[in-house]
Amino acid sequence: MIEKPTIVYTDGSCIGNPGPGGWGVVIESPAGTRELSGGAPSTTNNRMELMAAIRALEEIEPGSPVQVVTDSRYVMDGITSWMDNWRRRNWRTANGKPVKNQDLWQRLEQAAARHAVTWQWVRGHTNDPGNERADALARAASDVSRQ
């Protein structure tokens with residue numbers, strides 16, 4: 001029997017960019033649904049998008065099949081297309097500049113390595129319930145980080 005994957009919805013938010021930011025996660029597993037969120041007083045939207053995926057994957061039991069659903073092309077393209085080349089070029093972009101958020105990309109790579117992960121991109125704000133809830137959690141965490 002094939003184990004049903006845990007579905008993870010992730011989103012990041014920032015008030016200004018940079019500015020106070022937040023991340024939100026909805027984890028739907030056979031054991032039930034859990035929500036996580038957090039933030040930082042001075043950050044960027046991309047860092048919060050990465051943190052959402054990282055914290056979700058770190059929270060789930062190692063070895064579990066996981067489907068990560070994100071509305072971030074940055075996260076989606078980075079983990080599925082760009083990372084191999086960055087690593088090959090010693091964490092440099094195609095034009096030789098250092099990769100932004102290298103610390104979080106490496107942490108995401110480690111967190112993903114603990115699971116059989118598939119990545120799915122969804123357009124944000126299109127009434128996908130999991131994405132909408134992750135967005136609400138991220139925005140609320142941004143508001144808290146602003147105070």
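**In the hairpin of strands β1 and β2, glycine 16 takes a positive phi near 85°.** This hairpin has 4 residues between its strands. The model is a predicted one, in which local features need pLDDT of at least 70, side-chain atom pairs count only at pLDDT 80 or more, and totals for chains, interfaces and linings use all residues. Residues are numbered from 1 along each chain as its sequence is written, and side-chain values use heavy atoms, with hydrogens and water left out. Strands (E, at least two residues) and helices (H or I, at least four residues) are DSSP runs, numbered from the N terminus. β1 covers residues 6-14 and β2 covers residues 19-29. The two strands run antiparallel and are joined by 8 bridges; two strands count as paired if DSSP finds at least two bridges between them. Valine 8 has isoleucine 27 of β2 as its bridge partner, and cysteine 14 stands opposite glycine 21 in β2.

**Five strands form an open sheet in the order β3-β2-β1-β4-β5.** The pairing in this sheet is mixed. Strands of a sheet pair through backbone hydrogen bonds, either parallel or antiparallel. β3 (32-43) and β5 (116-121) stand at the edges with a single partner strand each, so one side of each has no neighbour in the sheet. From one strand to the next, the twist averages 20°. For this model, axes are lines fitted to C-alpha atoms, for helices over the stretch in contact, and angles run from 0 to 180 degrees between N-to-C directions.

**β2 and β3 form a hairpin with 2 residues between them.** The two strands run antiparallel, and 10 bridges join them. Glycine 24 has serine 37 of β3 as its bridge partner. Glycine 19 stands opposite threonine 43 in β3. Of the 11 residues of β2, 9 are buried; buried means under 20% relative accessible area, exposed means over 50%, and partly exposed lies in between (1.4 Å probe, protein chains only).

**Strand β1 is mostly covered, and 9 of its 9 residues are buried.** Both faces of the strand are covered. On one side are Thr6, Val8, Thr10, Gly12 and Cys14. Isoleucine 7 has glutamine 67 of β4 as its bridge partner.

**β4 and β5 pair in the parallel sense over 6 bridges.** Valine 68 stands opposite tryptophan 119 in β5.

**Helices α1 and α3 pack at an angle of about 25°.** Two packed helices are described by the angle between their axes and the distance between the axes. Here the axes are 9 Å apart, and α1 covers residues 45-59. The helices are therefore roughly parallel to each other; angles under 35 degrees count as roughly parallel, over 145 as roughly antiparallel, 65 to 115 as roughly perpendicular, and the rest as oblique. α1 passes α3 in a left-handed crossing, the term for a near helix turned anticlockwise from the far one by less than a right angle, with clockwise counted as right-handed.

**Tyr74, Trp82, Trp86, Trp91 and Trp105 form one aromatic cluster.** The structure holds 5 aromatic pairs. Rings of Phe, Tyr and Trp (its six-membered ring) pair if their centres lie within 6.5 Å; planes under 30 degrees apart count as stacked, over 60 as edge-to-face, and the rest as tilted. One of the pairs is tyrosine 74 with tryptophan 105, edge-to-face at 5.2 Å centre to centre and 65° between the planes. This pair links distant parts of the chain, 31 residues apart: tyrosine 74 lies in helix α2 (residues 73-88) and tryptophan 105 in helix α3 (residues 102-112). Tyrosine 74 and tryptophan 105 are both buried. Tryptophan 86 and tryptophan 91 form a tilted pair, 6.1 Å centre to centre with 40° between the planes. Tryptophan 86 and tryptophan 91 are buried as well.

**The charged end of arginine 73 sits over the ring of tryptophan 121.** The distance to the ring centre is 4.9 Å. A charge sits over a ring if NZ of Lys or CZ of Arg is within 6 Å of the ring centre and within 35 degrees of the ring normal.
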